[in-house]
Amino acid sequence: MTFTSDKMRFWSPEVRELEPYVPGEQPKIQNLLKLNTNENPYPPSPKVVAAVQAVLANNADALRLYPDPDATVLKQAIAQQQNVNIDQVFVGNGSDEVLAHIFKAFFIQKEPVLYADITYSFYPVYSQFFSTQTKQIPLNEKFEIDVSDYTQENGGIIITNPNAPTSIALGLDQIERVLKANPDRVVLIDEAYVDFGAESAVSLVNQYENLVVCQTTSKSRSLAGLRVGFAIAQSHLIAALEAVKNSFNSYPIDRFAIAAAVASFEDQEYFETQCQKVIESREHLVSDLTALGFEVLPSKANFIFATHPQHDAALLAQQLRDQGIIVRYFNKPRINQYLRITIGTDEQNQRLVDTLKTHVL
Ligand SMILES: Cc1ncc(COP(=O)(O)O)c(C=O)c1O
């Protein structure tokens, strides 16, 4: 909706200039196959559903009383699963909120924060929101992050690993090079997709006092509807995040989300089985799409980034949409011939492949 400048006079001047993030659409189409927002195709652990039901069943005050502002039981569950101390864990309402607090806590500096030219599109939005100086570092011609670009003067560094929407992962040796080259700046590793085959930098947290790792329950734990994200870092960095959080919203995680996320972290076996299924389906889909002439970047995520030399990507996205299949298309320089496709179940992926064969290619 747009308004005349007369109506906009009530808005704070800087809000008039904001360019907000545009989330992937959640359309209501019958028989829709939604492969556009990297949600998990499987439900969360049955123990998660039971835990949510138990919140209401066991506690008549569940809705009347505020939740624990520190979400201590959730931090404990995450600390145990990640093998860190509880004072090394921060939780927020989705990793988007955790990222916002990270920007506020560490990235308002005189020098520019460095991140890739092709990466998660919320970083530029937060950069504008928090008046963060930034410098975008081009990925190389293979769409990889070249860590030697991250040694120049900066006010902080963001590396998405695996990167999105390109799906390519860096090894921990590369991450360590960035950490060592920037001892006086916070290096944020956004690991939203790490559980689908990449190496987590959480194992480095005790070694590097400048490292913050951010993860989410939205993808690998099938809890996008719950909104629980978390950060792992040494306690001096967590303390800054707590200060920011308690200056913004003291109760970001509600009782249902706390109970559900705890149950998810306690059901490690289910988590590992589901991640493995997605990884296997990904490899299968990559080989099917390659056989159809697509070029697919090497993915360690629950999505792939693919281009077809003979078919325009925007047109492909539209033709798939006409058949009830939604994938993500970014009309942006360098990647406007690529499609980002979320990994579905084997049946869903087969529908995509069959549709491409019969109606599109
Ligand atoms: C790289 C990256 N980071 C963070 C997020 C935010 O995830 P959430 O707010 O659901 O935890 C996303 C979501 O798509 C993402 O792609």
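This is a predicted model: local features need pLDDT of at least 70, side-chain atom pairs count only at pLDDT 80 or more; totals for chains, interfaces and linings use all residues.

Residues are numbered from 1 along each chain as its sequence is written, and side-chain values use heavy atoms, with hydrogens and water left out.

I stayed with arginine 227 and found its phi near 70°, a positive value in a residue other than glycine. Arginine 227 sits in the loop between strand S7 (211–216) and strand S8 (229–233). Helices (H or I, at least four residues) and strands (E, at least two) are DSSP runs, numbered from the N terminus.

Alanine 71 also has a positive phi, near 45°. I found alanine 71 in the loop between helix H3 (46–58) and helix H4 (72–82). Its relative accessible area is 1%, so alanine 71 is buried.

Next I looked up cis peptide bonds. One joins asparagine 161 and proline 162, with omega about -5°. Another joins alanine 164 and proline 165, with omega about 5°. Proline 162 lies in the loop between S5 and helix H7 (172–181), and proline 165 is in the loop between S5 and H7 too.

**Entry: the largest pocket**

I needed the grid terms here. On a 1 Å grid over the protein atoms alone, a cavity is a set of points where a 1.4 Å probe fits but cannot get out, while a pocket is an open set with protein on both sides within 12 Å along at least five of seven lines; lining residues have an atom within 4 Å of a point. Grid points are joined across faces, edges and corners, and a volume is the space filled by probe spheres set on the points.

The largest pocket has a volume of about 800 Å³. It is lined by 37 residues, and Tyr21, Tyr120, Ser121, Arg328 and Arg340 are the closest to its centre. I sorted the lining by class and got 17 nonpolar, 11 polar and nine charged residues. For this count, Ala, Val, Leu, Ile, Met, Phe, Trp, Tyr, Cys and Pro are nonpolar, Asp, Glu, Lys and Arg are charged, and the others, Gly among them, are polar.

Which element gives the largest share of this lining? Helix H6 does, with three residues. Helix H5 (94–106), strand S3 (113–116) and helix H6 (122–129) each supply at least two.

**Entry: closed spaces**

How many cavities of 30 Å³ or more does a search of the whole structure find? I wrote down two.

The largest cavity has a volume of about 60 Å³. Its lining includes Pro43, Pro44, Arg221, Asp267 and Phe271. Helix H10 (residues 268–291) gives the most to this lining, with three residues.

The second largest cavity holds about 40 Å³ of space.

**Entry: salt bridges**

Side chains of opposite charge can pair when their charged atoms come close. My cut-off for a salt bridge was a side-chain nitrogen of Lys or Arg within 4 Å of a carboxyl oxygen of Asp or Glu. A search of the whole structure finds seven, and I looked at some of them.

- Glutamate 39 meets lysine 34 at 2.7 Å, N to O, and glutamate 39 is partly exposed at 28%.
- Arginine 64 pairs with aspartate 61, with their closest N and O atoms 3.0 Å apart; arginine 64 is exposed at 63%, while aspartate 61 is partly exposed at 29%.
- Arginine 282 pairs with glutamate 283, with their closest N and O atoms 2.8 Å apart; arginine 282 is buried at 3%, whereas glutamate 283 is partly exposed at 43%.

Notes. Buried means under 20% relative accessible area, exposed over 50%, partly exposed in between (1.4 Å probe, protein chains only).
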